[in-house]
Amino acid sequence: MKKEKSNEKNVTKKQPKPMQNVKVNEKELKENLKNMENMVNKKELPKEEKDKINKRVFENVLIADLIMAFLFLLTLGSLNIETTAFITDLKVFSIGLIILTIILFEYSYKNENANVCIHGIECLVLAIFTLFSISLYSIYFRDFHLIVASISYLFAIYYVAKAIIMQIKMKKKYVESINDINEIIKK
């Protein structure tokens, strides 16, 4: 044991060598630190970014309102229109929504626009529901208005969640685009 202790004392700890050939531009470093401090202290986005985010959120709220109005009119139609005319209306609406879906998909493909593609998928879901609502109306005649109301609540919840997530992601994306940390690390 005594020999082990004496060996430990004789072992000298190696000191790390100072970094060589590292060029630090103090002015640039101070500027980047100041920018990061401003980002942290300034929790608000610029007006242009806010407008961009609000435009996307408003677009989705408008689509949600249109879907809610459509489903509300389906409910009123089920209560006030005779069965054969209402089933014919459901067929026409489902075909119209499928045509709109195809148009949205084609437009998104030609312009490589993912947002329009997502709206096309949402329209497709609504078209499928409208198509299945013919069977639902025939089977659950008395409770059809409750089914449509619950589906409209599901669409409302989806669009509210989508708007919140979209707003958070767009803010995060903007903050990351301003962030110069990656450039500093590379240098």
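**Helix packing and nonpolar cores in a predicted model**

Leu 71 is in contact (heavy atoms within 4.5 Å) with Leu 126, Phe 129, Val 148, Ile 151, Ser 152 and Phe 155, when its neighbours within four places in sequence are left aside. The model is predicted, so local features need pLDDT of at least 70 and side-chain atom pairs count only at pLDDT 80 or more, while totals for chains, interfaces and linings use all residues. Residues are numbered from 1 along each chain as its sequence is written, and side-chain values use heavy atoms, with hydrogens and water left out.

The protein has seven helices and zero strands. Of the 187 residues, 24% are buried; buried means under 20% relative accessible area, exposed over 50%, and partly exposed in between, with a 1.4 Å probe and protein chains only. The protein exposes about 15000 Å², of which carbon and sulfur atoms supply 63%. Such areas come from the Shrake-Rupley method with a 1.4 Å probe, and for residues only the protein chains shown count as cover. Among contacts between residues at least 6 apart in sequence, 72% join residues at least 24 apart.

In soluble globular proteins, nonpolar side chains tend to be buried together. A nonpolar core is here a set of buried Ala, Val, Leu, Ile, Met, Phe, Trp, Tyr and Cys residues joined through side-chain atoms within 4.5 Å. The largest such core has 20 residues, and Leu 71, Leu 74, Leu 126 and Phe 155 have the most contacts inside it. Two or more residues are given to this core by each of helix H3 (47–80), helix H4 (83–111), helix H5 (114–139) and helix H6 (144–178). H5 supplies the largest share, six residues. Another core, of five residues, lies apart from it and includes Ile 53, Val 57, Met 166 and Met 170.

H3 and H6 pack at an angle of about 175°, with their axes 10 Å apart. Axes are lines fitted to C-alpha atoms, for helices over the stretch in contact, and angles run from 0 to 180 degrees between N-to-C directions. H3 is therefore roughly antiparallel to H6; angles over 145 degrees count as roughly antiparallel, under 35 as roughly parallel, 65 to 115 as roughly perpendicular and the rest as oblique. The contact of H3 with H6 comprises 19 nonpolar, six polar and five charged residues. In this scheme Ala, Val, Leu, Ile, Met, Phe, Trp, Tyr, Cys and Pro count as nonpolar, Asp, Glu, Lys and Arg as charged, and the others, Gly among them, as polar. Ala 163 lies in H6 and counts as buried because its relative accessibility is 11%. The C-alpha atoms of Ala 163 and Arg 56 are separated by 8.2 Å, although these residues are 107 apart along the chain.

H3 and H5 pack at an angle of about 10°, with their axes 13 Å apart, and are therefore roughly parallel to each other. Their contact has eight nonpolar, five polar and two charged residues.

Definitions and conventions:
Helices (H or I, at least four residues) and strands (E, at least two) are DSSP runs, numbered from the N terminus.
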